[in-house]
Amino acid sequence: MTMLEHATAARGPVQPTDGARSTLDPLPLNAVRLRPAGLLGRWQDRNATETLPHCVDQLEADGALANLRRTPGDGTPHRGMWFSDSDVYKTMEAIAWRLATGDGDNGLRETFDALTGLLESAQEADGYLDSFYQHNKPDHARWRELAGSHELYCAGHLIQAAVAANHAGIGARLLPLARRFADLIVDKFGPQGDNAVCGHPEIETALVELFRVTGYRPYLETARCFIDRRGHGLLPTGAFGAGYFQDHLPVREATEATGHAVRQVYLLAGVVDVAVETGDETLLAAAERLWESLFESKTYITGAHGSRHRDEAIGDPYELPPDRAYAETCAAIGSFQWNWRLLLATGKHRYADEMERVLYNGIAVATALDGRHFFYSNPLHLRTGHDGSGEDAPSQRLSWYSCACCPPNLARLVGSLQAYVATSDASGLQIHLYGSSDIEDDHGRSVEIETRYPWDADVSMTVTSRSAQPWTLALRVPGWCDAFTVRVDGQFMEAAAVDGYVRLTRAWSGERVDLHLAMPARLVAAHPRVDAVRGCVALARGPLVYSVEHADLRGDVVLEDVVLDTGVPLNVVDNGEESVIPVALSAVGRIVKPASSALYPSYEQAASGSADTPITLTAVPYFLWGNRTPGPMRVWIPVAAR
Ligand SMILES: [Zn+2]
């Protein structure tokens, strides 16, 4: 357990103060180590060895660094998006999380220091830093185009990178740099400042975390101002209306999650942060109310959000088309981070359930097995004949995007993944995400977890303690799990899940706890108002949503002609950990050739019958689709007529 010996006060991405109105405490970042043999640890390893170096290379190749190297009057054009600075900051945050674990440097420290130096030379004397506005806009444009400028959005990512660097012990230069900018923002927009907000939330959550690190209350007060000012028409309505910016109603009065999906979930992350640090119950209640709006009728089965390409928006209740799903990776990441804040604030299992769902589906799908190709939008159905040439809805993961928000966002999330596994409170430890890992909190309470989860239903734990005092180990029983058993040293326990957790209390001294979360393959239906998938079912097992992919069909079979025979039980096919598809599902279906090939035949003609051919179907985890021969895929499968 060497990692525990060098465990320091390194903190994870969210660290409420002692005075915060919070239910659960995050563990120090180094209190959890994901074992590389497990799926989560494997993702984190791949992130460090492939995704992170790839992001660093792309910052150079794509011009994001060149943008920051420009000097006044040098005439070099800006390359890429006007908010490309944020790609640099997110990558720096990812480097910081990697270095915080002490698991190998690989030149990353040098890269980090060079990037810090670049920012030092780019920053204005008054603290302002935005490569696009400094060189492409006249001076008087600064802060005057907040609806679309992303100046405060970029500042937020800079601050988060600096906070992560501080936790990692490498922020001696970056934290003061970020504070100079934050102080300028407090002067300009704080309680005594301009009555204005940024079109893209992000600064709110960042300022709260900076307050948590520095104890400097004006950062928190400024974050609160930004949240209180929203919904008062301070932003222009633009082409998509005020709801696009969540500026149509004050947060406390809003009843529907709406507008641009990433903006909505980023805003709500900041709302929870401000609520817990100021003890504002109405603000927390608003976040929980909007969570219900989002998760009761506006969430894909993969945990993703956003059904509209046009404005990257959430859409109406039950507007969840699988083929035109936008489901941006950043919205899935933002949802994960927001749910984590709600979990810490309330301890409610529903938030951990959603973290798990979106992590294994809506987030995991975005990265290819090589760690160097990514989805921006994550459809649940790629049609046969899809025009996937444009990057708006590509048919394959791409190595980078002109709007490159998602890949470095993945890098910073996966780089800090261990922070989200478990929490503590006065009663003991709570395990929320299962994966092979070693956990030890500040009180010497430790759990070693050995499991093939989510491929396998068994989670084995060895529980020890430095003290002889009894404490409670709380184990989450996921919402999808209908049957579970718990054994302690082989003895079955009469344990019920209360509020989503089974709780075991004793003076732990090396007992073995075996949790079995029964995960048979299952069929999932959608609410009938989700018209787009009416008459379809999805296949799932444990936390994983499955999909049928063209790679497993005979070449002449059109995926859209395949229907599922729900009368035949599904089989679980274990191919072993080293397979591209470790666990597949096998099902029976039919290939349907309709009676008429007309686009709109008469109802009578269509109902007159079709020629069916039986077929054995293989379903693969949704997050792994597109890693073999590229081709069509679908999650929702039409049910065969009996
Ligand atoms: Zn994105």
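Buried residues have under 20% relative accessible area, exposed ones over 50%, and partly exposed ones fall in between (1.4 Å probe, protein chains only). The model is predicted, so local features need pLDDT of at least 70 and side-chain atom pairs count only at pLDDT 80 or more, while totals for chains, interfaces and linings use all residues. Residues are numbered from 1 along each chain as its sequence is written, and side-chain values use heavy atoms, with hydrogens and water left out.

**View 1. E354 in helix α15.** Helices are DSSP runs (H or I, at least four residues), as are strands (E, at least two), and both are numbered from the N terminus. E354 has a relative accessible area of 11% and is therefore buried. Its side chain and that of R357 are joined by a polar contact of 2.9 Å. Such a contact is a pair of N or O atoms within 3.5 Å; within protein, one must be able to donate a hydrogen and the other to accept it, and residues adjacent in sequence count only if both atoms are side-chain atoms. Apart from neighbours within four places in sequence, E354 is in contact (heavy atoms within 4.5 Å) with W291, F295 and N339.

**View 2. Helix α13, residues 281–297.** The helix has 17 residues, which at 1.5 Å a residue should span 24 Å; the end C-alpha atoms are 25 Å apart, which agrees. The expected span is 1.5 Å times one less than the number of residues. Buried positions in α13 include L283, L284, E288, W291 and F295. Among the elements that cover the buried residues of α13 are α11 (217–229), α12 (261–278), α14 and α15 (349–363).

**View 3. T346 in helix α14.** With 17% relative accessibility, T346 counts as buried. The T346 side chain reaches the backbone oxygen of L342 at 2.8 Å. Not counting residues up to four places away in sequence, T346 touches T23, L284, E288 and Y351. Between T346 and E288 there are 9.7 Å from C-alpha to C-alpha, although the two are 58 residues apart in sequence.

View 4. C330 counts as buried at 1% relative accessibility, and C405 counts as buried at 7%.

**View 5. A327 in the loop between α13 and α14.** Phi of this residue is near 45 degrees, a positive value in a residue other than glycine. A327 counts as buried because its relative accessibility is 1%.

**View 6. D489 in the loop between β10 (484–488) and β11 (491–492).** D489 also has a positive phi, near 50 degrees, and is a residue other than glycine. At 51% relative accessibility, D489 counts as exposed.

**View 7. I439 in the largest nonpolar core.** A nonpolar core is a set of buried Ala, Val, Leu, Ile, Met, Phe, Trp, Tyr and Cys residues joined through side-chain atoms within 4.5 Å. The largest one has 220 residues, of which W43, L174, F336, W338, I439 and L475 touch the most other members. Leaving out residues up to four places away in sequence, I439 touches residues including L27, V32, V421, L429, V447 and I449.

**View 8. N30 in the loop between β1 (25–26) and β2 (32–34).** A relative accessible area of 6% makes N30 buried. The side chain of N30 reaches the backbone oxygen of A100 at 3.2 Å.

**View 9. D531 in the loop between β15 (522–524) and β16 (536–541).** The side chains of D531 and R534 make a polar contact of 2.9 Å. D531 and L320 are 211 residues apart along the chain, with 8.2 Å between their C-alpha atoms.

**View 10. The cis peptide bond from Y453 to P454.** Omega of this bond is near 5 degrees. P454 belongs to the loop between β7 (445–451) and β8 (458–465).
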